[in-house]
Amino acid sequence: MRDEPSADRALPDPKFAYDYFKSMASVSVATLGGILTLGEAVFGTRISPLQMGLAALPVAISGMLALQGKTDIMQYCQGIKPPLDSSRLALRLVPSFYGLGVGIFLAFLTLSYVAPDVAARLGARPIKVHATGNPEGPVAEPRR
């Protein structure tokens, strides 16, 4: 039997949803750091800042929605009706935005290896590749 405060909650079991939002907020922050670090340090010659931003934005939105969902659940537990009851919608949007961001990052990275000319047209830094297949780095513009 449900107690009075949980009777009008939008979620059937808010404890699990709170734990899920807490985990996704942490995972989103870690993934955001990973995208920015790998994109700049390891794959910096292959992925442009614009492409890193396009990949990082959905992951950041996912983390923000997870924090909002946690806040809504805490307000319910305190007997306060949240002004924006987004916890049910956030259960669907958080993994969607997270997957979108990781997918964009992996797509740009794969594209830079498979079809560097297409990646360059999409904003990636041009790569000069030797006959051995090792990238030399960004192509320098010839001086005039």
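Helices here are DSSP runs of H or I with at least four residues, and strands are runs of E with at least two. I note at the outset that the model is predicted.

**Entry 1: overall make-up**

I looked up the secondary structure of the protein and found 5 helices and 2 strands. I then read their order from the N terminus, which is α-α-α-α-α-β-β.

**Entry 2: burial and surface**

I checked how much of the protein is buried: of its 144 residues, 32% count as such. The accessible surface of the protein comes to about 9,000 Å². Carbon and sulfur atoms account for 65% of that surface.

**Entry 3: contacts along the sequence**

I considered contacts between residues at least 6 apart in sequence, and 72% of these join residues at least 24 apart.

**Entry 4: the pair α3 and α4**

I turned next to one helix pair. Two packed helices are described by the angle between their axes and the distance between the axes. Helix α3 covers residues 49-77 and helix α4 covers residues 87-114. I recorded an angle of about 160 degrees for their packing, with the axes 8 Å apart. Angles over 145 degrees count as roughly antiparallel, and α3 and α4 are therefore roughly antiparallel to each other. I also recorded that the crossing of α3 past α4 is left-handed.

**Entry 5: residues where α3 and α4 meet**

I listed the residues of this contact. On the α3 side they include Leu54, Pro58, Ile61, Leu65 and Asp72. On the α4 side I found, among them, Leu93, Phe97, Tyr98, Gly101 and Phe105. Sorted by class, the contact of α3 with α4 has 18 nonpolar, 5 polar and 1 charged residues.

Notes
Residues are numbered from 1 along each chain as its sequence is written. This is a predicted model: local features need pLDDT of at least 70, side-chain atom pairs count only at pLDDT 80 or more; totals for chains, interfaces and linings use all residues. Side-chain values use heavy atoms; hydrogens and water are left out. Axes are lines fitted to C-alpha atoms, for helices over the stretch in contact, and angles run from 0 to 180 degrees between N-to-C directions. Angles under 35 degrees count as roughly parallel, over 145 as roughly antiparallel, 65 to 115 as roughly perpendicular and the rest as oblique. A crossing is left-handed if the near helix is turned anticlockwise from the far one by less than a right angle, and right-handed if clockwise. Contact means heavy atoms within 4.5 Å. Ala, Val, Leu, Ile, Met, Phe, Trp, Tyr, Cys and Pro count as nonpolar, Asp, Glu, Lys and Arg as charged, and the others, Gly among them, as polar. Buried means under 20% relative accessible area, exposed over 50%, partly exposed in between (1.4 Å probe, protein chains only). Accessible areas come from the Shrake-Rupley method with a 1.4 Å probe; for residues, only the protein chains shown count as cover.
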